[in-house]
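Please find below a colleague's note on the structure shown here.

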Amino acid sequence: MVSLFQLLFLQQRRSLCTRASPKRWRVKQVNNSNFPESLQEIKDHIAHSDFVAVSMEKTGSPAPPSWHRLLPFDTVETAYLKASLSAHHFQLLQFAVCPFSISDSNTLVAHPYNFLLFPRDELRMGMPSYSFSCQPSSLASMACQGFDFNACINDGISYLSRVQESVAKIRCGTAFPSFCVMKSSSISTVADTVFVERIKSRIKHWRKTCKSSGTSGNKDEELINSLRNIVRGSEQLRSRPCLTIDVCSERQVQLIVEMLAEISDDLLPLIIPAKSGSTQAIRVVLANSKEDKDFLERELQNVEEEETKKIRGFREVIDLISASQKPVISHNSLNDCTLIHSKFIAPLPPEVDEFVSSMCTVFPEVLDVNYLIRVIGTKRKVANIPSAISYLNNHFFAPVDVKIPDQGTANEGKSHGINALRLCYLFMKLCSILKVSPYVNESSNKHMAAELEDFVNVFHPCAAADIQEAPVNEDISIWAKNTRKVSIDNVVFLWGFKFGTTAGMLKSLLHASHDIFLGEFDVKLVDKSCAIVVFWQPSLSKQFLDVMNSKEVDGALKDLVSDGMRVTSYQTYKTICRLGLWGMNLAESLESALGGSHSDMKVDSGSKSSEIHWYNDNIINFDDL
């Protein structure tokens, strides 16, 4: 029988955990129409925040087929290749950003935004318009949530990646000040001296002519000087005379810029880019004075910045987050970061090490709530963020107070992009449960509390297993209840069994087929066509492969081979992921790799982890958001 005191305690606990009801949360919706003013608002909020949570809505997920999804037995390399496939195929339609601050009293102050995106080719340069895949289930889910596809296409915010922006500037051929040209430290050659003297003589003569024509009152002489300027290639920029000098190399650019600084302080060099990305020419502008030159340079830089903002579009928000160096909160850092890199930075590099290095220059600190939940070690499946919040509310006492100062400016009735706000709330609860303080002392120069440093930049989907306990031995470590760490050398892929065979049936067949299977081993179906076999005793996997590939197969195992059963090592799986042999079922892809020229290709895995994490239970998976 429950006492009155217990009832009062439970009621107080429930009210503390839910005093900031998610049903009352509102998110500011941003499209192309209100993007400029919203950009300044979010800039201030990011600057004064402790963390920035991000959440994305795209046109699909890497399934079906099921083996294209990130699986528990994927290594860091294969997981990255699968995430890259998803980032390349699908398109972002929503990008939710929520800068938030934390006080030492478990109060969360959040400023949620949801940006509507569409890759429109506004510059008529073929960027960033490209084909992308859509999955009906994903679009139907968005439609059920009230997503306005017409508004997305007509009023979504466009963008260019950093690489695309550089290409766009080159194609536009817009001149810009040469302050970015570094002074040369190399020794001048005879050819350099001859080139500089020839250009110097030309510029001095042109400058003298321009100065003299400006003081002359004879109209006939002004006409003659104008004709001379046309013949010499002299032009005008904002009522100031300028001269274009063609160059053949970046070395000549450096020499001209250095020489102009020595001649006079009223000459401003502008760089004219070529289509190849190099410099096509230098346009020398003659200002009225040094003050006029400085004014013109600032004016041109402001114009360039305004034009660049139009080119960047939504990427301005990504650059603001990057420049702030604030920690980024994500619910699936590998998928999210590959998507961000692909759409807003540059094409994804082929190697995961290059990706991590590049991504860390953009977002130095990324925290994955998926990882933090695995650290807690929940024993039941949590399908999405709302159910994760519900699970934590029901099993842990971790009160969080949410304040949204901009609640009145949010579009009423709109809940799109609310997952970024939920992530802030979930992150705070996880920190409280893990007894990790996210509070950043204002006197500290760091952007993140020291207690969180162990959880930063974990891009492997199953890496939480590494920190739970020390390794039991050289090959295996235990995590939670039913998870082991195993070397990929002890893993074998098997296919060619009868349709409808279960993992248990297949394990029984293998156990009765050969003495190799008298020891401990596990079988799990990857899809309906293929299974993965894990040997817990070293060297047995190699023995099994050797037996299957020899002519001495006998007994029950020979019958299985006669029925079409085939096996291969984990290296073949890595090969099909690297080569992009994404067949409808895994067996077809493995056959393709073994049957063609791909079978001779060696996959270099020297710098990659050779361990995977074997799961016998369902675990939290945020891919279904």
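Predicted model: local features only at pLDDT ≥ 70, side-chain atom pairs only at ≥ 80, totals over all residues.

1. Because glutamate 591 lies in helix H21 (residues 586–595) and arginine 566 in strand S19 (residues 566–569), the pair ties together parts that are 25 residues apart in sequence. Arginine 566 is likewise partly exposed, at 35%.

2. A salt bridge of 3.2 Å, N to O, joins the side chains of aspartate 319 and arginine 162. The pair links distant parts of the chain, 157 residues apart: aspartate 319 belongs to helix H11 (residues 315–324) and arginine 162 to helix H6 (residues 162–172). Aspartate 319 is buried, at 16% relative accessibility, whereas arginine 162 is partly exposed, at 30%. Salt bridges with shared partners connect Arg162, Glu165, Arg312, Arg315, Glu316 and Asp319 in one network.

3. Aspartate 294 and lysine 290 also form a salt bridge, their closest N and O atoms being 3.2 Å apart. Both residues lie in helix H10 (residues 290–312), 4 residues apart, so about one helical turn separates them. Aspartate 294 is partly exposed, with a relative accessible area of 26%; lysine 290 is partly exposed at 41%.

4. As to the whole, the structure holds 18 salt bridges. The chain contains 21 helices and 20 strands, and 50% of its 625 residues are buried. Among contacts between residues at least 6 apart in sequence, 77% join residues at least 24 apart.

Key. Residues numbered from 1 in each chain as written. Heavy atoms only, no water. Helix = DSSP H or I, 4+ residues; strand = E, 2+ residues; numbered from the N terminus. Buried < 20%, exposed > 50% of the residue type's maximum accessible area, 1.4 Å probe, protein only. Contact = heavy atoms within 4.5 Å. Salt bridge = Lys/Arg side-chain N within 4 Å of Asp/Glu carboxyl O.
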